[in-house]
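Here's a quick tour for anyone meeting this structure for the first time. Have a look at the sequence and the model, then read on.

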Amino acid sequence: MASKQATGTKLVIVESPAKAKTIGGYLGQGFVVEASIGHIRDLPRRAADVPERFKGQPWASLGVNTEEDFEPIYVVSPDRKQQVTKLKSLVKQADEIYLATDEDREGEAIAWHLVDELKPKVPVRRMVFHEITPQAIAAAVANPREIDEQLVDAQETRRILDRLYGYEVSPVLWKKVQKGLSAGRVQSVATRMVVQRERERMAFHRAEYWDVTGVFAPSSPKQGDAGLSNGGTFTATLYSLDDTRLATGRDFDAATGRAPASVLHLDEAGARGLAARLEGRDFTVAGVEEKPYRRRPYPPFMTSTLQQEAGRKFRWSSQQVMRTAQRLYENGYITYMRTDSTNLSETALTAARSQARDLYGDAYVPAEPRLYNRKVKNAQEAHEAIRPAGDHFRTPGEVARELSGDEFRLYELIWQRTLASQMSDAVGTTVSVRLTGTSVAGETAVFTTSGRTITFPGFLRAYVEDTDDTAQKDDEEKRLPQLARGDGLDARGFEGNGHTTSPPARYTEPSLVKAMEELGVGRPSTYASIMQTIQDRGYVWKKGPALIPTWTAFAVIGLLESYFSRLVDFGFTASVENDLDDIANGERSRVDWLRGFYFGSAHPAAEDAQRISAQGGLKKLIASRLEEIDARGVNSIPIADGVVVRVGRYGPYIQRGDDEGGQRASVPDDLPPDELTPEKVEELLSAPSGDRELGETADGRVITAKAGRYGPYVTDGEKSASLFKTMSLDTVTLDEAEQLLTLPRVVGVLDGEEVTAQNGRYGPYLKKGTDSRSLESEAQLFTVTVEQAAALYAQPKLRGRQAAAAPPLRELGVDAVSGKPMVIKDGRFGPYVTDGETNASLRKGDSIDELTDARASELLADRRARGPVKKVARKAPAKKAAAKKAPAKKAAAKKTPAKAAKSAE
């Protein structure tokens, strides 16, 4: 906790300890700076958290009184109680309160909750800033404002909306798909986008096509060609043959894999034959077209573009980008990082232009500052773009020793982009050339090529953006020899080249953020959490950078599309963002909007229900559709004639035929849906089941060895036992199986309790009551004696199956944050990566052998961000909630805090 105790009585409350430490250092004497550690209150998460007076109400489980103007019930989060107590104590000692939370809806809501919970009796001032520098903090103290009730309304509406959506729709998924699933207003739409892309890939029909490339050189080189690479030779690609254009990838229909008859579709034989017929033939330049090339700089970063570019350049997740940016902001290196604005202040424009002039010269800075206008849905321009903090930008060299590796890389990226945004255009020339020749068969072949020369790099001296596709980069040149119409060319050789059309690329985190932004879905502050949520909920997993939907996601999205289509409609979700903006601007009533969404047009107070009521209102929609939903239908995804993937209790499986005589096979966890082709289906269904009858025991039991979801095992129909790690289904014998089925084995009695030897999911162990001890090998299960058991129980119990001495599965490099070496170990719940301080489980798609240092650091960073796991007594929350009366009163008088602050002043 960062707090600066001084002789003054001004209490400044911020969100984070790091922010408190930095600001406390700037304010000095007379100020006490303390962190709230994020939100101190929220809607109750569980029934036990609901205050006693509301229990029994029909809406109590929602935490929102839908019968009385959607008043929320707020309770102090269990992990914030201690901090709230500390803040209340500091408030009593203060003569003035400054709320210095972020200047966005989230920050405004935190400020409101602080006033409402702490109930200060002294003046309360709202202190806002976009960067944490001494000048900015001084200006914020000198120019406070009041809490913006409209921003609070908008954020509260968003929170209530998301609670209603999640708590009404999620139970439908529990009943019809699987226990533990969740639905979310933006989360479900993001998942739908990933599922839709996978559907497109599954429906895609590949096509093969060929083209011909030739290598050419001028018959009479010009004087200026002497310095060209490759001796002035260049390549060109066949464009047309006898006036018929050659088919390219974009000509093929994704649904059929066919090209229209109007284009020439070459196969391998056709391409190689044409290449042979063109060998040794004369070619001439049929046309040369020169055009000026000009590329304007990119705008400064906003949240989404920063996530996209850092994702492309560094292969970071959105969460990693935002965590690193948060540290840079809180320590005074960059401006606020949650913004959808590309504006720069006058101070920033002056700083960027001055620094660019100093570093690159006058020619690289235009006469007037560059201004950028957003063309994305739902853009808000409340903040500046993300830029280096201060009225003079520190160069990367000046901060290199102060920042960690990740922080330095991100700061450098932001600094480069900011400077480049105020620099001159890159200019040059593009050249398009057409070449013609005739084959030995009299065919007229036209080849084309293009080149680019950059004569003045402009902003490219400072920064070049990466792209999601393979397009030519902005600073990439391709120099051609000097050519003119009629020039003769020497053909040095021709070659046929085969190509296969590609399905639409899967989303990555950067490209999904970009698509959501273009649709107007979500907000800058939500993108990173949404990327993380859809993975944590088991809807999406990563294969490299690609986002792959699970079959559970297919079932969930299929259900939502069929029965609640408006709730996952892109246009509707974007319109909700517009409506929240209207509430923030005071142009729409929060209560009326929520009534329309929840109760629909049937409710008399819903003035604009037709547009926002979601098919008659969420409550009515859920009630009317629940019984219509065919659970088996939504959990069955057709993938071929007579073949479906079913989402079962123990994972997805394919089924062909009816339930009685049909074939079934489990779907491998690491198999992407688009790779479940008809050929793969046949392979899985035709694979041997692994069942092997071992024989009959003396007492008439038939023992079979089988392959199960959790590994191979033997069974006699009534009892089962897992095979040892040293055994296999192909070689296990009847005698070994009989011995396995004797487990658990009674070893003896210690301290009046029976000791048994058992083989568990995590290895062999002894059990005495509730106390267990690991055995060194599986063979000991049949040989360990009661004396040996007593010796084991006499030793102190080790916490965790992996003792410190256990050898790692694999050694990695050094963690970017802690600076400590990382290793992968085998844990009780599977493999995990650790730096000795933090442990993080590997996720679906992560391979022990292929895990990179960067991915390992990302997993550790995600684990640190979630904080330590706290164990809470089961009954404690209920008792605390029952004793708490205050939240209800606060909810009933939402406007009180602002009025109290005004009267105190």
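## Thr 284 and its partners

Start with Thr 284: across from this residue, in strand β13, stands Thr 436. Thr 284 also has a bridge partner in strand β15, namely Gly 488. Keep in mind that this is a predicted model.

Zooming out to the strands, β12 covers residues 283-295 and runs antiparallel to β13, residues 426-438, with twelve bridges between them. β12 pairs with β15 (residues 488-500) too, again in the antiparallel sense, over two bridges.

## Trp 210 in strand β9

Next stop is Trp 210, which you'll find in strand β9, residues 208-218. Is Trp 210 buried or exposed? Trp 210 counts as buried because its relative accessibility is 9%, and the cut-off for buried is under 20%.

What does Trp 210 touch? Leaving out residues up to four places away in sequence, its contacts include Leu 246, Leu 266, Ala 271, Arg 272 and Gly 498. Gly 498 sits 288 residues away along the chain, yet the two C-alpha atoms are 4.4 Å apart. There's also a polar contact of 3.5 Å between the side chains of Trp 210 and Glu 208.

## Helix α16

Last up is helix α16, made of 15 residues (570-584) and spanning 21 Å from first C-alpha to last, close to the expected 21 Å. Twelve of those 15 residues are buried, among them Phe 570, Phe 572, Glu 577 and Asp 581.

Now for the two ends. At the start of α16, Asp 569 brings a side-chain oxygen to within 3.0 Å of the backbone nitrogen of Gly 571. Just after α16, Gly 586 has a positive phi of about 80°.

How values were computed: Residues numbered from 1 in each chain as written. Predicted model: local features only at pLDDT ≥ 70, side-chain atom pairs only at ≥ 80, totals over all residues. Heavy atoms only, no water. Pairing = 2+ DSSP bridges. Helix = DSSP H or I, 4+ residues; strand = E, 2+ residues; numbered from the N terminus. Expected span 1.5 Å × (residues − 1). Buried < 20%, exposed > 50% of the residue type's maximum accessible area, 1.4 Å probe, protein only. Polar contact = N/O pair within 3.5 Å; in protein donor to acceptor, adjacent residues only side chain to side chain. Contact = heavy atoms within 4.5 Å.
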